[in-house]
Structures are given as C-alpha cells and as structure tokens.
Amino acid sequence: MTRIETVAIVYRHPQILLGMKKKKLGAGRYNGFGGGMEENDRDIYDTAIRETKEESGITLLDPERVGRILFSFQSDEQDHDVHFFRARRYSGIPRETDEMTAKWFNIQEIPYGQMWSGDKYWLPLLLEDKMFLGEFLFNSEHEIVEHRLKEFDKRGCFESSLSELLSYE
C-alpha cells in the first residue's frame with residue numbers, strides 16, 4: 001500500500017525553514033514539514049497546511065504544489081507518494097514541537113549531509129521556482145539505488161503531467 005504524503009518548504013529568499021525530525025522515519029534528519037493524509041483532510045493542500053502547523057506551529061498561506069515523487073524502499077517500509085509544496089507566506093512563529101525542531105537556513109548553507117540523500121536533487125529545483133516529478137528507490141540502509149527526476153518550467157506542463165500516472169516499475 002502506498003502512503004500519500006506531503007512535504008512543505010517555507011522559502012523566503014535567501015532562507016528556508018527546515019525541521020529536525022525527532023521521531024519515526026527520518027528521525028535525526030532535517031526535512032520540510034509534512035506527513036500523511038488523514039480522513040478529515042479535504043485535499044492534499046489541507047494535509048500540507050495541517051501537518052506544517054502540527055510540526056512547526058505556523059500556518060501556510062497559499063502553498064503552491066511544485067512536485068511529486070514516489071519513494072520506494074527495498075525493505076518493509078511502504079512506498080510514499082509525496083506531494084511537495086513551496087510557501088513564501090505564513091502566519092505564526094516557528095517553534096519546536098513534539099515532532100520537529102524548526103530552524104532557518106541560508107540557501108548557501110543547506111545541511112544536505114543531515115538530510116535524506118535524495119533532497120539534494122529536488123530541493124534545488126524547488127528553490128529555482130521549477131516544478132518536478134520523479135521516482136526514487138532506496139535500499140534497506142536508505143541509500144539511493146536509482147532515481148528519475150523530470151523538471152518543468154511551466155505550470156501547465158507540470159499540471160498536465162500530474163494527471164498522468166507515474167510508472168511504478
């Protein structure tokens with residue numbers, strides 16, 4: 001079974017807000033804020049807004065969906081179909097929660113060595129105002145075995161591609 005999830009990045013040039021994950025998959029790594037869809041979420045945007053508020057204390061304003069990646073694992077970990085959001089505006093003050101510790105980083109000092117290894121491929125696209133679709137396969141040690149990533153410069157091309165199925169070969 002594939003889990004539908006979100007990752008939201010708050011980006012205010014020249015800084016991004018990341019969170020150090022405290023528990024579950026990815027603990028000890030910096031990441032955007034997000035998680036899985038829940039029954040009361042109206043859509044994937046609601047999920048991104050709710051999860052970011054739960055993990056950082058802030059409310060995203062007008063998040064923009066900019067990517068989608070299927071993460072698969074050569075282990076018992078289920079697949080993750082992740083929708084990526086960029087938000088330039090939010091309300092509230094970032095704070096530490098039970099799940100994450102929020103921290104601002106200059107885009108020249110992003111801690112890729114303390115993040116998922118795939119982040120170095122998609123995060124620069126998000127920061128360059130590009131959209132992307134892709135697939136990543138990780139081994140049991142969470143190292144990349146293979147990946148595909150397609151970038152889009154135009155919203156229309158990206159949105160039409162979202163409606164096409166990613167090949168889950």
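**Reading contacts and burial in a predicted model**

Q: Is Arg 86 buried or exposed?
A: Arg 86 is buried, at a relative accessible area of 4%, because anything under 20% counts as buried. The model is predicted, and this value is computed from it.

Q: Which residue does the side chain of Arg 86 meet in a salt bridge?
A: The general idea is that side chains of opposite charge can pair when their charged atoms come close. Here the partner of Arg 86 is Asp 129, with 3.5 Å from N to O. Arg 86 belongs to strand E6 and Asp 129 to the loop between H2 and E9, so the pair ties together parts 43 residues apart in sequence.

Q: How exposed is Asp 129?
A: Asp 129 is partly exposed, with a relative accessible area of 42%. Its side chain also meets that of Arg 88 in a salt bridge, at 2.3 Å from N to O. Since Arg 88 lies in the loop between E6 and E7 and Asp 129 in the loop between H2 and E9, this pair ties together parts that are 41 residues apart in sequence. Arg 88 counts as partly exposed, at 37% relative accessibility.

Q: How many salt bridges does a search of the whole structure find?
A: The search finds 15. One of them joins Lys 130 and Glu 151, whose closest N and O atoms are 3.0 Å apart. That pair links distant parts of the chain, with Lys 130 in the loop between H2 and E9 and Glu 151 in strand E10 (residues 144–152), 21 residues away. Glu 151 is partly exposed, its relative accessible area being 41%. Salt bridges can also share partners: Glu 38, Asp 41, Arg 50, Glu 51 and Glu 54 are joined in this way into one network.

Q: Where does the charged end of Arg 29 sit?
A: The charged end of Arg 29 sits over the ring of Trp 116, 4.1 Å from the ring's centre. Arg 29 is also among the residues touched by Met 20, which is placed in strand E2 (residues 15–21). The C-alpha atoms of Met 20 and Thr 101 are separated by 5.0 Å, although the two are 81 residues apart along the chain.

Q: What does the side chain of Thr 97 reach?
A: It reaches the backbone oxygen of Glu 55, at 2.9 Å. Thr 97 is in the loop between strand E7 (89–91) and strand E8 (100–106), and is buried at 8% relative accessible area. Beyond its neighbours within four places in sequence, Thr 97 is in contact with Lys 22, Glu 54, Glu 55, Ser 56 and Gly 57.

How values were computed:
Residues are numbered from 1 along each chain as its sequence is written. This is a predicted model: local features need pLDDT of at least 70, side-chain atom pairs count only at pLDDT 80 or more; totals for chains, interfaces and linings use all residues. Side-chain values use heavy atoms; hydrogens and water are left out. Helices (H or I, at least four residues) and strands (E, at least two) are DSSP runs, numbered from the N terminus. Buried means under 20% relative accessible area, exposed over 50%, partly exposed in between (1.4 Å probe, protein chains only). A polar contact is a pair of N or O atoms within 3.5 Å; within protein, one must be able to donate a hydrogen and the other to accept it, and residues adjacent in sequence count only if both atoms are side-chain atoms. Contact means heavy atoms within 4.5 Å. A charge sits over a ring if NZ of Lys or CZ of Arg is within 6 Å of the ring centre and within 35 degrees of the ring normal. A salt bridge is a side-chain nitrogen of Lys or Arg within 4 Å of a carboxyl oxygen of Asp or Glu.
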